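Work through these exercises with the sequence and the 3D view side by side. Try each task before you read its solution.

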Amino acid sequence: MSVLLIGITGSTGDAIIKRLIAQGDEVRVVEDDSDAAQRWRSLGAHVARPFHDMADLIERAAQNVRTVVIGDAAGHADDDVRAIISGAAAARVERIVLYGMRAPQSTVEAVREFPLQHVVLSTGRRRLLGGGIDDESLAAAVDAADDIAGEPRLELDLSDPDAWPALGLAAP
């Protein structure tokens with residue numbers, strides 16, 4: 001399967017890309033930072049550079065992609081998320097996975113409005129503050145959200161151990 005990643009960063013991005021590629025997925029990433037783009041390429045991902053029309057870019061980059069993953073670095077601003085989802089819908093993407101500390105309710109509503117399958121993964125507090133989940137566990141959750149059977153419309157708080165079984169995973 002093909003997966004398009006938007007708004008990934010650092011070691012979390014590394015873990016997600018490595019996990020998806022190890023599972024046999026074709027990984028595509030939208031990245032405007034040239035150093036990060038090179039990093040993702042070195043891990044085996046295909047990288048597209050963003051331009052002014054995000055919906056058009058996503059539509060092009062998401063051709064033959066089943067899932068678009070929107071990470072924390074995408075900003076989770078309503079207009080940005082709506083442009084990403086609009087482009088994904090135009091490309092006939094089946095599923096949106098949104099992850100981050102706590103997406104604003106208006107952003108979650110934007111995800112709910114579109115007739116796509118979705119999995120919203122709230123990751124809790126930042127690890128620097130003693131909370132959150134490790135990169136490999138988040139990568140496993142993103143992978144599971146991509147692979148989960150059926151037509152999910154899930155919103156899960158990964159800081160709650162009872163949320164993980166919905167993804168077919170044990171809590172870390």
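Predicted model: local features only at pLDDT ≥ 70, side-chain atom pairs only at ≥ 80, totals over all residues.

**Exercise 1. Another pair, another helix**

Find the salt bridge between Arg60 and Asp56 and describe its setting.

Solution. Step 1: Read the distance. The side chains of Arg60 and Asp56 meet at 2.9 Å, N to O.

Step 1: Arg60 and Asp56 are four residues apart in helix H3 (residues 54-61), so about one helical turn separates them.

Step 2: Sort by exposure. Exposed means over 50% relative accessible area, and buried means under 20%. Arg60 has 58% and is exposed. Asp56 has 23% and is partly exposed.

**Exercise 2. A link across the sequence**

Solution. Step 1: Confirm the bridge. The closest N and O atoms of Asp143 and Arg19 are 3.1 Å apart.

Step 1: Locate both ends. Asp143 lies in helix H6 (residues 135-147) and Arg19 in helix H1 (residues 10-22), so the pair joins parts 124 residues apart in sequence.

Step 2: Compare the surroundings. Is Asp143 buried or exposed? Asp143 is buried, at 3% relative accessible area. Arg19 is partly exposed, at 30%.

Step 3: Widen the view. The count of salt bridges comes to nine. Arg66, Asp146 and Asp147 are linked in a network of them.

**Exercise 3. A charge without a partner**

Look at Asp25. Which side chain of opposite charge is nearest, and how far away is it?

Solution. Side chains of opposite charge can pair when their charged atoms come close.

Step 1: Asp25 is in the loop between H1 and strand E2 (26-30).

Step 2: Apply the cut-off. The nearest side chain of opposite charge is Arg66, 5.7 Å away. The salt-bridge limit is within 4 Å. Asp25 is buried yet has no salt bridge.

Step 3: List the neighbours. Leaving out residues up to four places away in sequence, Asp25 touches Met1, Val3, Leu20, Asp143 and Asp146.

**Exercise 4. Leu138 and its neighbours**

Which residues does Leu138 touch, not counting residues up to four places away in sequence?

Solution. Leu138 lies in helix H6. Leu138 is buried, with a relative accessible area of 6%.

Step 1: Name the contacts. They are Thr12, Tyr99, Thr123, Ile133 and Leu158.

Step 2: Leu138 and Arg82 are 24 Å apart, C-alpha to C-alpha, and 56 residues apart in sequence.

**Exercise 5. Positive phi**

Where do Asn64 and Arg92 sit?

Solution. Step 1: Take Asn64. Its place is in the loop between H3 and strand E4 (67-70). Phi of Asn64 is near 65°, a positive value in a residue other than glycine. Asn64 is exposed, at 69% relative accessibility.

Step 1: Take Arg92. Arg92 is in the loop between helix H4 (78-90) and strand E5 (95-100). Phi of Arg92 is near 65°, again in a residue other than glycine. Arg92 is exposed, at 73%.

**Exercise 6. The whole chain**

How many helices and strands does the protein chain have?

Solution. Step 1: Count. There are six helices and seven strands.

Step 1: Read the order. From the N terminus the elements run β-α-β-α-β-α-β-α-β-α-β-α-β.

Step 2: Check burial. Of the 172 residues, 50% count as buried.

Definitions and conventions
Residues numbered from 1 in each chain as written. Heavy atoms only, no water. Helix = DSSP H or I, 4+ residues; strand = E, 2+ residues; numbered from the N terminus. Buried < 20%, exposed > 50% of the residue type's maximum accessible area, 1.4 Å probe, protein only. Contact = heavy atoms within 4.5 Å. Lys, Arg positive; Asp, Glu negative; His and termini not counted.
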